[in-house]
Amino acid sequence: MVYHGLKGIACVETSISHIDGEKGKLIYRGYNAEQLALTSTFEEVAYLILHGTLPQEEHLRQFNEMLASYRALPESAERLIRSLPAQMDDMAVLRTVISSFGEKTYTFRPTMEEAVRLIAAAPSIIAYRKRLTDGREPVQPLSELGFVENYFYMLKGKRPTEAQKKALETYMILAMEHGMNASTFSARVTVSTESDLVSAVTSALGTMKGPLHGGAPSAVTEMLEDIREKENAESYLREKLEKGERLMGFGHRVYKTHDPRAKALRVKAEEIAGGDRDIDLALHVENTAIPLLEEYKPGRKLYTNVEFYAAAVMKAIDFDASLFTPTFSAARMVGWCAHVLEQSENNTIFRPSAKYIGEMAVPLTQ
Ligand code: ACO
């Protein structure tokens, strides 16, 4: 028997997260991720995912201090970012710079402090590079700002409004962890050879870079840009469905009901709607598309997925498409590190088999 793509095969036991695709539930360490995203900070949820329990006040204070202390990039990383070719993809830059953190101190077994260091560094790498690409000088981190607020500040050179901060924070909490996805699997396979945390996260970043995993929201942005005005939505969507094309940001392999991440992001999106054209348009497109999908694809259970509102929220906070996958990765760094720590605590090397379908006993001829 060959399990192509290991679809539906459980290969580890984990207590980090659980997805129920039929009921539309995402659980982080026993808590409903949707509720956490709407009520907690990035740091509280990151602590929960890494440690398994929500933090007491004193633990949270120490965790925040440690995260803030690792935000400033080492000089070697700053020099490396400046030296990389201008045409290099932002995800390739993030992967390369993170791999340069592999000093001799990173060994098996990975530690919590190493995890915190990489989680803190990722947004700084993304922002440093983005500002250089846009022809502006990088901005140094501010230790008094929260994790998400500081990321926005390092990118834009100004603090976000409360609504912008909460929208980005909600997205980054919902992107933090999602079961045995391809990049998390990569990270666990790498550390299962008793390799180190930097190597495991570098593998994960290489996996996340592929369009089948981390690259979908830009297609949603293109669709919203093509629609432009609310009155164009129905005719645009109908034309796509008539031609048998797919609507970007709808449908999911695992969720056969509303994607809980899209539901939570929609709440945040609604809070910035009214004043924001992009969010207003996205809400209208969703309300128009769902009945049309039921009309053209009855019984297929097609609802908005996380990419739809991720794209809408990112556009509303003025993050361009080049920031989508890196921002997703900066959030998912928490999940990757938690899985690497879990794997290393009870390790078995991954060594599946392959069914040989080639020739046997081909004679060697002169
Ligand atoms: N628009 C129109 N029809 C759709 C859509 C859509 N977005 N998604 C699925 N369908 C239809 C298919 O045409 C198919 O119809 P059929 O039965 O008449 O052949 C039926 O629904 C089932 O489609 P599958 O591809 O088998 O469904 P699956 O669950 O495997 O696909 C996927 C999931 C790939 C996400 C799909 O819904 C899709 O292509 N969506 C659009 C792209 C997108 O939004 N991607 C981001 C996903 S979220 C994430 O990656 C984090």
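I began with the rule that two strands pair if DSSP finds at least two bridges between them. Strands here are DSSP runs (E, at least two residues), numbered from the N terminus.

I noted that this is a predicted model, in which local features need pLDDT of at least 70, side-chain atom pairs count only at pLDDT 80 or more, and totals for chains, interfaces and linings use all residues. Residues are numbered from 1 along each chain as its sequence is written, and side-chain values use heavy atoms, with hydrogens and water left out.

**The sheet.** I found an open sheet of three strands, ordered S1-S2-S3, with antiparallel pairing. S1 and S3 (31-32) are its edge strands, as each pairs on one side only. I recalled that strands of a sheet pair through backbone hydrogen bonds, either parallel or antiparallel.

**S1 and S2.** I looked up the link between S1 and S2 (residues 25-28) and found four bridges. Aspartate 20 has lysine 25 of S2 as its bridge partner. The hairpin of these strands has four residues between them, and glycine 24 there takes a positive phi near 70°.

**S2 and S3.** I found two bridges between these antiparallel strands. Isoleucine 27 has asparagine 32 of S3 as its bridge partner.

**Lysine 7.** I located lysine 7 in the segment before S1 (17-20). Lysine 7 counts as exposed because its relative accessibility is 61%; exposed means over 50% relative accessible area, computed with a 1.4 Å probe and protein chains only.

Conventions. Buried means under 20% relative accessible area, exposed over 50%, partly exposed in between (1.4 Å probe, protein chains only).
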